[in-house]
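Please keep the sequence and the model at hand while reading.

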Amino acid sequence: MRFAAIFLLLIPLRILAQEEAIYLNVDAPIELRVEDALSRMTLEEKVDMCHGHSKFTSAGVPRLGIPQIWWSDGPHGVRAEFLADKYVYDDRLDDFITAFPALTALAATWNPELAYEYGQALGDEALYRGKTVMLGPGLNICRTPLNGRNFEYMGEDPMLCAEMAIPYIQGLQSKGVAACVKHFALNNQENWRLDIDVQCSDRALHEIYLPAFKRAVAEGGAWALMGGYNRVRGEHASHNKLLLCDILRRQWNYDGVVVSDWGGAHDTFQAANNGLDVEMGTSSPYNKNILADPYLEAMRSGLIDSTTVNEKVRNILRLIFRTSMSGKRGFGAICTPAHYELCRQIGEESIVLLKNNGILPLEPNQKRRILVVGENATLPLNLAGGSSELKVKDMYSPLDAIRNIYGEEVVYTPGYKSGPYTYNVENPVPQEVTESLHREAVAMARQADVVIYIGGLNKNSYQDCENRDRYTYNLIFGQDSLINALADVNPNIIVANISGAPFAMPWIDKVPAVIQSWYLGTMIGPAMADVISGRANPSGKLPFSFPKRIEDCGAHALGQLSYPGVEDADGRHHQEYLDDIMVGYRWYDTKKIPALFPFGYGLSYTTFKCGKPTLEKHGQNWTVDVPVTNTGKTDGKETLQLYVCDVKSRLPRPAKELKAFSKVYLKPGETKNVILTLSPDDLKYYDPEVSDWVLEPGKFQLLIGTSSTNISHKINIEI
Ligand code: BGC
């Protein structure tokens, strides 16, 4: 009897305990967990979650056992640990990691399957390091070759960018680690990045700068998004009503977290009301931060609606339940052979063969004296670049990898020396140093059978680096004159460039071969050496055009207001994107300005032939079936690209726009049919008059080819 009474008493307690545990129950629907946790929190606890508590953490709810969020850069590896309150590395021994290829490289593979694997591998490394959110991928469009952060982004075309970002996000999040797409939006340069106020038409916003973000959210399902530092139509992007409330939340139904760029929140009222959830990059005492005590007090005094914090906390809890409290996270792994192999594969598939008169591939078994010239053959390039810099466990340099293949007798000389420098100093290195290195390289080149030049940019300030754009389109440190001089004394020169952005090549006609490599991280050396030696057949395609001159680029052709912007009497900076929707190849092709190397371009050691395509209608959509044959002697991959041209339209449209692509692997003599799919949406433009996408009836051409300018077939359709 007594036992029965106790038992009966325990039943309601059990039910209560079960109810109490909803937010802890990993099998319960996330929205129930969110509401349950929210209902248990005090106002102070809620506000506590909305700002940083160290340089890279924001608060959980300790009383409820909800863990803090660990944020980490991003985007191509897990960054080393910092001291809690200073931007100073912690000098730990357990944070050496894999440097994955930078995102320009990933984009240059044009291979979404590799992007998924990339995301998964990165997710494993993030798990091992206990991270909740990886700050990437970067989805800003390459508007100018000079943007210091082009290397962290995925090129000049919104469709390519989205197609590569979606699988990256899905792969990463499949591990229970959130992707944080950044920097939303119109953050397309580093000069004056903290305050520049960007004006851009609705059309350019929706056709060029937003689509990759939209698809990353809608199709990739990104759980976090970072607002940019810049201003957009007067308001800082990290608490911008148009971008975050009207577009992101209302139009795209985004239910993830919005985090400010580090130090990118400036105003409590705007941060509270305009869709920012977490303010990061702040300093101690953290309770003084914009979304800390000032926010709490404004809510208490009724100046700010106190329900705003519930919306923020819902988003933050949802993120935590999707990640660290999902019950689905493994332990992860770092620097595994599989991760290194993946880096090598992505590296090899990303390298773009720009020019080849037959000197490449350089057969390994032939006896010849090889000279390697150039600092980038040995520089640890992962260590620089700004927030994406990485502390790598291993980095296999191009020089070592070349010696592995061609023997220790390969000789090396740097040929030039980079140095710290300030704006507008052509070469900060003492002239006599530059001259003597230059002389030595030229003398050695006379004695060599082949010269492999490995130079380019180097991720130091003004050279593919956060916070500063490059100030010149040319390679610096005397590299142009060095390449010229080397080519004068030795015509067998292969230029193997490493950079994350286009640059001028005044020596292009004098050199027989050029390969474009990117910051390939840990496996940069093996990937480059494999391509040089022919162990790998290059199949990378440019994710952005290389204009001949910087003045040819749309952003630069239209005056200072367009790039880099102008300073007003109060020292504030303003900019108008006068190039509008004509970015990258859209500009070059419409204005008929030939680029040095066009978007989508890249050669191979084999040859391909595209047969006559056939068009079929499937419901609303079309498919274009293109037979592609490998007509050469080696295995290889080719990327078929489909561009759309609107023959006549009410609003001006670019000469062509990429709408589909597919990469195919073919053995010599083999033919495969590549299917490219097109939907009516692919024919639309954004009409600012109706604030929507419009399909205007008329004639369209489908252009099929292997680069934006190498179009082999045209198909006419009419709507
Ligand atoms: C960068 C972000 C980065 C953040 C955290 C900022 O300066 O713009 O891309 O994620 O720092 O390091």
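## Helix 5 and helix 13

Which residues in helix 5 meet which residues in helix 13? In this predicted model, Leu114, Glu117, Tyr118, Ala121, Asp124 and Glu125 of helix 5 are in contact with His339, Leu342, Gln345, Ile346 and Glu349 of helix 13. Sorted by class, this contact comprises 5 nonpolar, 2 polar and 4 charged residues.

As for the geometry, the axes of helix 5 (residues 112–128) and helix 13 (residues 337–350) come within 11 Å and cross at roughly 145 degrees, and the crossing of helix 5 past helix 13 is left-handed.

## Nonpolar cores

The largest nonpolar core holds 207 residues, and those with the most contacts inside it are Ile66, Trp71, Phe184, Leu225, Leu317 and Ile452. Helix 6 (residues 158–173) contributes the most to this core, with 9 residues. Apart from this core lies another, of 21 residues, which includes Trp622, Ala660, Phe700 and Ile717.

When its neighbours within four places in sequence are left aside, Ile66 is in contact with Tyr23, Ala37, Met49, Gly60, Val61, Leu317, Ile320 and Met325. In soluble globular proteins, nonpolar side chains tend to be buried together.

An open sheet is formed by 5 strands in the order 9-8-6-18-17, with mixed pairing; its edge strands, each pairing on one side only, are strand 9 (235–236) and strand 17 (566–567).

Strand 17 runs antiparallel to strand 18 (residues 573–576), and 2 bridges join them. Glutamate 567 has histidine 573, in strand 18, as its bridge partner.

Key. Residues are numbered from 1 along each chain as its sequence is written. This is a predicted model: local features need pLDDT of at least 70, side-chain atom pairs count only at pLDDT 80 or more; totals for chains, interfaces and linings use all residues. Side-chain values use heavy atoms; hydrogens and water are left out. A nonpolar core is a set of buried Ala, Val, Leu, Ile, Met, Phe, Trp, Tyr and Cys residues joined through side-chain atoms within 4.5 Å. Buried means under 20% relative accessible area, exposed over 50%, partly exposed in between (1.4 Å probe, protein chains only). Helices (H or I, at least four residues) and strands (E, at least two) are DSSP runs, numbered from the N terminus. Contact means heavy atoms within 4.5 Å. Axes are lines fitted to C-alpha atoms, for helices over the stretch in contact, and angles run from 0 to 180 degrees between N-to-C directions. A crossing is left-handed if the near helix is turned anticlockwise from the far one by less than a right angle, and right-handed if clockwise. Ala, Val, Leu, Ile, Met, Phe, Trp, Tyr, Cys and Pro count as nonpolar, Asp, Glu, Lys and Arg as charged, and the others, Gly among them, as polar. Two strands pair if DSSP finds at least two bridges between them.
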